[in-house]
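Dear colleague,

Please find below the sequence and the structure that I am handing over to you. My notes on what was found follow directly after them.

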Amino acid sequence: QVQLVESGGGLVQPGGSLRLSCATSRSIFSFDSMGWYRQDPEKERELVASISTGDNTAYYVDSVKGRFTISGDGAKNTVYLQMNRLKPMDTAVYSCHAVDPRGNNYWGQGIQVTVSS
């Protein structure tokens, strides 16, 4: 049973930073890619950032480019999302996601990020 466990969310003021962590129950290199989605109740779920574990190629949605950075640590079986210069529009539930070579999708339980003064 693959588990993805998120941590690091919470309440932060606009302009602040948070780092989300996604710890996996197996090597991050057993997945083709890992990423972070977010969903606000009033919006559709969107892919925020993803990384190819094979070559470290990263993708970012336009709204977070230059502010968010996704990275992986193979020794800790963990993927991170460093979020800087946070805005109220970044408020959402963030979920870790992984896809393995067979096309199986795995999800974390989700973690709340609230950006508010």
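Two strands are said to pair if DSSP finds at least two bridges between them. By that criterion, strands E4 and E9 pair in the antiparallel sense, over 7 bridges. Please bear in mind throughout that this is a predicted model.

Tyr-37 stands opposite Leu-47 in E5. Tyr-37 also has a charged neighbour: Arg-45 lies over the face of its ring, at 5.4 Å from the ring centre. As for solvent, E4 is mostly covered, with 5 of its 7 residues buried.

**The nonpolar core**

Which residues touch the most other members of the largest nonpolar core? They are Met-34, Trp-36, Leu-81, Met-83 and Tyr-94, out of 30 residues in that core. At least two core residues come from each of strand E3 (18-24), strand E4 (33-39), E5, strand E7 (68-73), E8, E9 and strand E11 (111-115). The largest share, 4 residues, is supplied by E9.

Tyr-94 illustrates how these parts meet. Leaving aside residues up to four places away in sequence, Tyr-94 touches Glu-6, Leu-20, Trp-36, Tyr-37, Arg-38, Val-48, Phe-68, Leu-81, Met-83, Gly-110, Ile-111 and Val-113.

Strand E1 (residues 4-7) pairs with E3 in the antiparallel sense, over 4 bridges. Leu-4 stands opposite Thr-24 in E3. In a regular strand, the side chains alternate between the two faces of the sheet. E1 has a covered face, made of Leu-4 and Glu-6, and an uncovered one, made of Val-5 and Ser-7.

**An aromatic pair**

A search of the whole structure finds 2 aromatic pairs. One of them joins Phe-31 and Tyr-106 in an edge-to-face arrangement, 5.9 Å centre to centre and with 65° between the planes. Phe-31 lies in the loop between E3 and E4, whereas Tyr-106 is in strand E10 (residues 105-107), so the pair ties together parts that are 75 residues apart in sequence. Both Phe-31 and Tyr-106 are buried.

Is Asp-90 buried or exposed? Asp-90 is buried, with a relative accessible area of 0%, and this value falls under the 20% limit that defines the term. Asp-90 lies in the loop between E8 and E9. Its side chain makes a polar contact with the side chain of Arg-67, at 2.8 Å. Not counting residues up to four places away in sequence, the residues that Asp-90 touches are Arg-38, Val-64, Arg-67, Phe-68, Arg-85, Val-113 and Val-115.

Asp-62, by contrast, is exposed, with a relative accessible area of 60%. The place of Asp-62 is in the loop between E6 and E7. The side chain of Asp-62 makes a polar contact with the side chain of Lys-65, at 3.0 Å. Asp-62 and Arg-38 are 24 residues apart along the chain, and their C-alpha atoms are separated by 14 Å.

**Two residues with positive phi**

Most residues other than glycine have a negative phi. Asn-56, although it is not a glycine, has a positive phi of about 65°. Asn-56 is placed in the loop between strand E5 (46-52) and strand E6 (58-60). Asn-56 is exposed, with a relative accessible area of 55%.

Arg-85 is a further residue other than glycine with a positive phi, near 45°. Arg-85 is found in the loop between strand E8 (78-83) and strand E9 (92-99), the loop that also holds Asp-90. At 49% relative accessibility, Arg-85 counts as partly exposed. Arg-85 is also one of the residues that Asp-90 touches.

Yours sincerely

Technical notes: Residues numbered from 1 in each chain as written. Predicted model: local features only at pLDDT ≥ 70, side-chain atom pairs only at ≥ 80, totals over all residues. Heavy atoms only, no water. Buried < 20%, exposed > 50% of the residue type's maximum accessible area, 1.4 Å probe, protein only. Core = buried A, V, L, I, M, F, W, Y, C linked by side-chain atoms within 4.5 Å. Contact = heavy atoms within 4.5 Å. Polar contact = N/O pair within 3.5 Å; in protein donor to acceptor, adjacent residues only side chain to side chain. Phe/Tyr/Trp six-rings, centres within 6.5 Å; stacked < 30°, edge-to-face > 60°. Lys NZ or Arg CZ within 6 Å of the ring centre and 35° of its normal.
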